Amino acid sequence: MSIQIHAVSQSFHGRSILKDINLTIEPNKIYGLLGRNGAGKSTLLNIISNRIFPSQGTVTLDEESMNDNDRTLGRIYLMSEVNLYSERAKLNKLFDTTELMYGSFNRQYANDLADKFGLDLTSRFGKLSTGYRSIFKLIVALCVPADYIFLDEPVLGLDANHRELFYQELIETYSETPRTFVISTHLIEEIANLIEHVFVLDDHKIVINGSVPDILERAYTISGPDADVKQYTAGLNIIGEDHLGGITAHYVYGALADDRPIPDTVKLEHLDLQKLFINLTTEKKAAAHVS
Amino acid sequence: MQFNFNSTEPIYLQVAEQIEEAIFARTFAEGEQIPSTTEISKEFHINPATVLKGMNILVDANLIEKRRGVGMFVIGGAQGRIVEKRRNQFYDDYVKNLVSEARKLHITKQELAQLIERGFSTK
């Protein structure tokens with residue numbers, strides 16, 4: 001029981017967009033897919049949901065190929081920035097269409113959500129603002145009977161109140177009917193505790209794939225007087241650094257040196273997910289200029 | 001209930017600590033039901049599995065119990081057990097740091113005793 005992404009690569013006009021991606025997406029878990037602009041997140045989500053075909057590799061759901069397979073495609077749903085709907089279509093009508101396509105649709109919950117978000121279902125899709133387009137697409141995503149729901153930039157254009165409401169509804173519906181959500185977003189802090197497992201795409205490759213607590217357990221900030229910090233972190237996997245006066249902070253991802261005593265002057269703390277992400281995905285050229 | 005999350009400790013431990021704090025402060029009284037996993041998840045945007053992991057620490061510590069189909073309840077005597085535990089940890093959690101900081105500031109034993117005296121005499 002899972003989606004398997006095996007050795008997927010994608011290139012377009014000779015430009016590499018994804019390089020050898022291998023992932024497993026399990027049932028009933030909330031995942032985060034993080035990456036900078038242009039890292040390949042949307043391409044990956046489009047490949048998984050069979051909207052585009054990979055140059056190489058395979059995607060399977062419960063060991064069945066997902067390529068043009070009606071049985072597997074009905075079990076996944078991708079909400080993306082692309083507007084698939086006709087500008088003139090009324091929202092109510094679009095619910096009907098979705099119900100036809102997916103065999104069922106939680107109409108009661110869709111109406112409740114529209115009410116909570118203040119969305120008028122008699123409006124036409126083309127008349128909606130960016131925020132309300134996202135809201136409408138989110139409502140559809142939460143109400144389709146899919147087992148795997150991919151949300152590409154779900155909170156694009158939503159104000160803080162609506163984002164709060166969305167996270168609450170997501171947890172509510174997930175608790176009632178567990179299913180898998182994969183959330184791709186730039187607002188890392190807002191989802192850091194919500195996701196159980198994280199994938200980080202950088203430079204078209206997966207650089208992090210693991211449970212959030214495990215990952216954070218291995219991410220450290222080591223700060224203190226310049227020389228003491230350098231001495232302690234020598235040979236460790238330093239992913240970034242900051243300097244302020246004579247104080248240095250080294251960001252380390254991976255094991256510390258067990259046998260090395262931590263000097264009294266040096267402070268050891270864990271990094272949060274956003275800070276870890278920033279350090280892992282900063283352009284290496286730019287980082288080299290800093291020192 | 002007030003959650004004040006920081007980034008340096010695993011979230012499930014913080015969930016356990018915050019609920020324990022609420023039981024200690026009698027915000028959640030003995031015999032009373034505490035908020036459900038979903039309620040806590042929704043309020044603080046924490047994955048339900050993480051919240052459950054935190055709650056299970058308190059179940060193992062005999063502070064809360066699950067009543068099937070109803071929810072989690074504070075066990076009788078839980079507050080007292082937390083007090084007992086904290087008294088045992090008081091030296092490690094507070095006294096050691098206090099003395100260490102006093103030494104750095106060249107505060108003598110007598111001066112520290114006087115400060116403690118002052119602390120007790122002001123309400």
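## Exercises on a two-chain model

Gln89(B) sits in helix H4 (residues 78-104) of chain B, where helices (H or I, at least four residues) and strands (E, at least two) are DSSP runs numbered from the N terminus. This is a predicted model, with local features needing pLDDT of at least 70, side-chain atom pairs counting only at pLDDT 80 or more, and totals for chains, interfaces and linings using all residues. Residues are numbered from 1 along each chain as its sequence is written, while chains are lettered from A and ligands numbered from 1 in the order in which they are written.

**Exercise 1.** Work out whether Gln89(B) is buried or exposed.

*Solution.* Start with the cut-offs: 20 or more other C-beta atoms (placed from the backbone) within 10 Å of a residue's own make it buried, 12 or fewer exposed, and anything in between partly exposed. Now count: Gln89(B) has 10 other C-beta atoms within 10 Å, so it is exposed.

**Exercise 2.** Describe the side of chain B that touches chain A.

*Solution.* First, the contact takes 13 residues from chain B and 15 residues from chain A, contact meaning C-beta atoms, placed from the backbone, within 7 Å. Next, the elements of chain B giving two or more residues to this side are helix H2 (37-44) and helix H3 (48-60).

**Exercise 3.** Find how domain 1 and domain 2 of chain A are placed.

*Solution.* Take the bounds, which come from an automatic or database domain assignment: domain 1 is 3-211 and domain 2 is 218-290. Their C-alpha centres lie 35 Å apart. Finally, nine residues of domain 1 of chain A are in contact with six of domain 2.

Conventions. Contact = placed C-beta atoms within 7 Å.
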